[in-house]
Amino acid sequence: MFMKRASIRLSPALVPGVLAASMLATVSALPAQTSIAAEGEIYHPMLVTRTGPFASAASGVSSGQQDYFALVNANGGIDGVKIKWEECEFGYKTPRALECYERFRGKWKIVYPNSTPVIFALSKRLTEDKVLGINLAGGRSESTDGKTFPYLSPVILNFWSQAASTIRYIAQQEGGEAKLKGKKIAFVHLDNSYGRQPFPIFDARAKKYGFEWKSWPLAWPALEQSAAWVDIARRFRADWAIQWNYGQSCNVPMTEMKKVGFPIEKFVGTLWCGSEEDVTPAGDLAKGYISANYHGVGLDFPVIQEIIEKVHDKGKGNIERNRVGTVAYNRGVLTGIIIVEAFRNAIKNAGMPLDGKKVRDGFRMIKLDGKRLKELGAEGLLPELVFSATYHGGIEPQLFQRWDGKKWTTISDWVPPYEDVVRAEIKRAAAEYKKQTKQ
Amino acid sequence: MALSDARTPSPHGLERDMRYLPRSADRLALFLLVVLFLFVPPFLGDYWLKGILVPMLILSISALGLNVLTGYAGLISLGQAAFMAVGAFAGVIAYGRYGIPIPLTLLIAGLTAAIVGAVVGTPSLRIKGLYLLVATLAAQFIIVWTIQRVPWIGAGSMVTIDTPPVFIGTWEIDTALEQYYFALAVAALLTIFAWNLTRSRIGRAWMAIRDHDVAAKVMGISMLRYKLLAFMVSAFYGGIAGALVVFAWVGAANVQEYELELSIQILGMTIIGGLGSILGSYLGAAFIALLPIAISIGMHNLYGIVGGEIVSAAVLANAEHVVFGVLIVLFLIFEPLGLAHIWRRFSARFEIWLGPAVRT
Amino acid sequence: MNREADSDADRRFDSAHAEDVVADEVRDTNPVCYRSEAPILRTECISLSFGGVRALIDVGFDVLTGEILSIIGPNGAGKTSMANVISGLYRPTSGRIFFKGQDRTASSPQAVAALGIARTFQNLALFRGLTVIENILVGRHLHMRTGLFAGGIHWGPARREELENRRRVEEIVEFLNLTEYRTRAADTLPYGLQKRVELGRSLAAEPAMLILDEPMAGMNRQEKEDMVRVVVDANVDLKTTIILIEHDMSVVMDISDRVVVLDHGEKIAEGDAETVRQDEAVIRAYLGQDA
Amino acid sequence: MNDLIYGIELTITGLLIGSMYSMVALGFVLIFKASSVFNFAQGAMTLFAALTLVGLIPLAGFWVALLLTVAVMCGVAVFAERAIFRPLVGAEPLVIFVATLGLAFILEGSAQISWGTQPHGLKLGLPVEPLMIGGVFVSMPDFISALAAAFFVVLLVLFFHKTRIGLGLRAIADDHVAAQSMGIQLRKVWTIVWVLAGIVALAAGMLWGARIGVHFAMSLIALKALPVLIIGGIESIPGAIVAGLIVGVAEALGEGFIGPLVGGGVQDIMAYLVALLFLMFRPYGLFGEEMIERV
């Protein structure tokens, strides 16, 4: 009798139990995944995007970092301390990133989602937990102000600097700012927070230099832009066009421009439309396309040669060999360099084991001047970066590069942004943030 | 038994009919759930609270709202995420800009969404099924577009508004546990409200419309009133869920989190969970929101056990999608009526098995 | 398709007996004191067409308070169209409808229901997902006031109202002998019972006038007898004016006070059962159909 | 340039784009017509087909790759019909809708597992220089794409009206029960419809791939088809074609003339606004049939 009861009680319980089981799987899985690093190791969880629409470039960035970490480890670690990284896939989906964040909470040393929406969603949490969230050339533009945003940083070139530097580049091509007067600049951008950030910069510079600019917002995924380009080329008759697309909408203008007869040499892309993945779908039509970038391209950097030699040739690469040296990959490597520098400073400053605050403090001590970059074998790969407690990076120069159908070639020197407008915008936005959050 | 009969004057057991949970298995399960949800979380880490439970509660509220519309009134909507966005922004503006107390703010968020919902629901008077689906889809796009464009909303070029610290009276909701209980309290209230409502005259009117709208009409049920009411209630729930995203989870209203994909997910939750079932809204939210996480962790572990070099991380991550897709399809084939129906079958069987014991 | 054909045959066979057995005994106890010559419903020159098809052509008749009026006619005669016009589902192309002396030609079905006209449907129109009790409770819709907020709180007046109306529903359930099926889902019941639930639902509305659209279609003899009894009881005990739509004239002849005969959308006869039974046009219409 | 010429240019641009929308919408219409399933996975099928094609081209050359892709799409179609939709026959349409969501996950995941996450170009060798006809600019590749889309549509129409299977399909769309009693096997026909939808997905994938490259976001193109379906009616092939053109023109003109008034970015909203207008005045689309309910 007892036996029977017990069996009946159990067997139907299995029916709705799939969910319960999956929950249990989650519980039991947790300790396994967040395996504790050995003594004297830095355990470094990473948010990665290897699925979905943004995986193409984002995967290169993640793998580039990992290759650099592998190189550091192969060279004996940071003064003997090795890095043990662990991925959490979020597929560029904000809720999944939040879950990942919580899953590894307390173990984060520095968070780099490579997604601006995620930085926004995490910013409160990061501040509470005292973990630095970085998003190179993205994230929260005003977090250049390290005083208002102690645990956020754009690291390099916030969105406003990108826009300002791009205008300066166009001015240089025209032969100076004075020549901008009366010129028409078309701004093609995604109709979201990312795409609209340059507005104040354009407004300010248009007023000062007397050029005319007009916005063509495109709703995500912006795979169809023909009406905008007919308008730009046939009615507005722009002298220059700037694109602020993202991911797979980057290559669409190249086909459209050709169709409406807009010259590609008068077209400049944001640095987020400056990787191989952004141009290859357009094939030959992308030849001659110019985009901004915040780092050097190609394999000609000692650090990358060293990675090939010590990581890939040993069969320990974290990415297909043919993607080494791509824009996304180099971004990963230089991000790795910055993170490792922060780790190194933190260890030197506060000792092991590391936590979020120590790494943030280490980040603020980063001084990647010419000498240091040379030591790291990264001269020309990234601009000089010097951070402080009040300056979290973001006002740096851009490089400009041209696609020749096969590879990118850098065609300019470092082009600095107009610092005054950028700083004014940071000040305004930081004040607005303080007002909203009643600080 | 004897006592309860004495208190019930009616020979028909009217009170009996109106009991919330006629089955003992249901009562037992509810009791366990209440204990679980009330007393266990303090012992769980922040991961469970912030990573799993709070988002799940919020999504469940939203799914519950959609279930009122789709499961009870038989109307489809792909605009639930947009209602959440309306609630999120209405909430953050009411609380952040005007300093309205949080309980009132939640109400305002819900009501604003409800008004928008009434407008979005008007096509339902003429069309249904797939046509209605696309009409609400239009609303999804138009609402999100409008939030970005109306200067008064003040979403700015970032289309994000941060919230100040969240206070109810003098109680600051800042730890994960507090946020969890806050969300739980709202979810519990809304669940009881929906539970009552769907069993009331209004709920019956909705189900009448769903099952046979012509017959409902000649019983005197106004299509205009009840269809719009269903849209409003559904949007109200969505709006409150959106506000909770701001106040109990993320801390900011960001329009990019309320895109079509979320609407589709919420519709999936109500269907996989079970149309016309309150429990189903919760189960569905758990399925759609948590299963991918469980799969991800599970496969990661498997990968860890099997060992590194066999498959790349990218293959693994994509395989999660495939597994998730397969599970959706399998569940639907196995139980097209939804997860809640599995439970209902179990609890019925349990009741039969328990039968004699209860009667003695 | 098949069931339809079978039941048609059944109906003709059974009805001959049904009329003898049932009608006689209930007629005796039928008081006529509340009947009046004043029409509760007047239809004037109703025409209805869909595209080019004319479903009703200048049909008009009065329904007197308290009577049982049958509308009969062969298939496609326009009976259901007439019911739909009266209950507001179709707007007549021309003509007017007065209920209790007021013109309500253009009223919506809800408004018609609120005036006190209830109906059943020829094809089953139950709320499939609801139980028997809940189906009948929907019939109480217009007698209840509980709004959104009270419904969600379910306390105090809302709860009392719910209990009160459930009590009324139980009376109907008992009246219709549905007690043992109370909590069954409507769509799991056999056909005859479903028809009965539908009748219960319309009775729950306590209508002044009830339109029954072929309530006995597809029923066996026992079920028909039960149904006839219920219809007469509703008329007598609940003082409900009834319009009974029936395809087969013999079923209803003995319980009807008056009969209206439609054919091809036109009224071909009106009067008491005997007059109609002997009317040349009626015989022709029915003969024509049978032949 | 005066507004008239500009308007004409936008209209032409819109018409050419619209033909591509029609292409995508057709896939939905085919499946809905035959089985009342709203196949959300149509976009994923487009992605899957295009990725398979560009993945195979370097291995097998264009024509062989094309044939192989057709074969693969047939396999996908048969799999979807057998493994997912046959067991769900008779389920609520919404349930089947969610099942197609599941199918979309499966297809997107397996496409990226098989062919990686990197984007690809798909060059069909179309001329790209713009064409000027009497001072009015016409995009050459769009023109050719539109011709190809038109050609494909004609093929489909011929198939439906001239072949036995096609006639069977139409019979089923009109009345499942009657068609069955006439000896048409529903299941066989459903399989064929899924195969057709797969081939339409491949065609759409090629045309769009030539335009925007082949990458994951391609599955989002399907969203463009939804307003088209409303305007044209979900069950109507001519509806999908005409409505595609209407949406294309409305988007182009809306962006060109209404956009400047509200700060631009109205292109996608326009499609839905036009769809809403249609819902108000012709709820079941241009060619859709109103569901008349009998009491």
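**Entry 1: two helices of chain C**

I looked up the handedness of the crossing of α4(C) and α7(C), and the crossing is right-handed. I note here that the model is predicted.

I then took the geometry of this pair. Helix α4 covers residues 132-139 of chain C and helix α7 covers residues 191-204 of chain C. Their axes lie 6 Å apart, and the packing angle is about 35 degrees.

Next I listed the residues that meet. From α4(C) I have C:Val132, C:Asn135, C:Ile136, C:Val138 and C:Gly139. From α7(C) I have C:Val197, C:Gly200, C:Arg201, C:Ser202 and C:Ala204. I sorted the residues of this contact into 5 nonpolar, 4 polar and 1 charged.

**Entry 2: chain C as a whole**

I found 11 helices and 10 strands in chain C. The chain has 291 residues, and 48% of them are buried. I also looked at contacts in chain C with a separation of 6 or more: residues 24 or more positions apart account for 71% of these.

**Entry 3: a sheet in chain A**

I moved to chain A and traced an open sheet of 3 strands, in the order β3-β4-β5, with parallel pairing. Which strands stand at the edges? I found β3 (110-111) and β5 (152-153) of chain A there; each has a single partner strand, so one side of each is left without a neighbour in the sheet.

I checked how β4 (residues 132-134) of chain A is joined to β5(A): there are 2 bridges, and the two strands run parallel. Helix α5 (residues 116-129) of chain A packs on the sheet and touches β3, β4 and β5 of chain A. I noted that the direction of this helix makes about 165 degrees with that of β4(A).

Last, I looked up the bridge partner of A:Ile134 in β5(A), which is A:Ser153.

Key:
Residues numbered from 1 in each chain as written. Chains lettered and ligands numbered in written order. Predicted model: local features only at pLDDT ≥ 70, side-chain atom pairs only at ≥ 80, totals over all residues. Pairing = 2+ DSSP bridges. Helix = DSSP H or I, 4+ residues; strand = E, 2+ residues; numbered from the N terminus. Contact = placed C-beta atoms within 7 Å. Axes fitted to C-alpha atoms, helices over the stretch in contact; angles between N-to-C directions. Left-handed = near helix turned anticlockwise from the far one by under 90°. Nonpolar A, V, L, I, M, F, W, Y, C, P; charged D, E, K, R; others polar. Buried ≥ 20, exposed ≤ 12 C-beta atoms within 10 Å, placed from the backbone.
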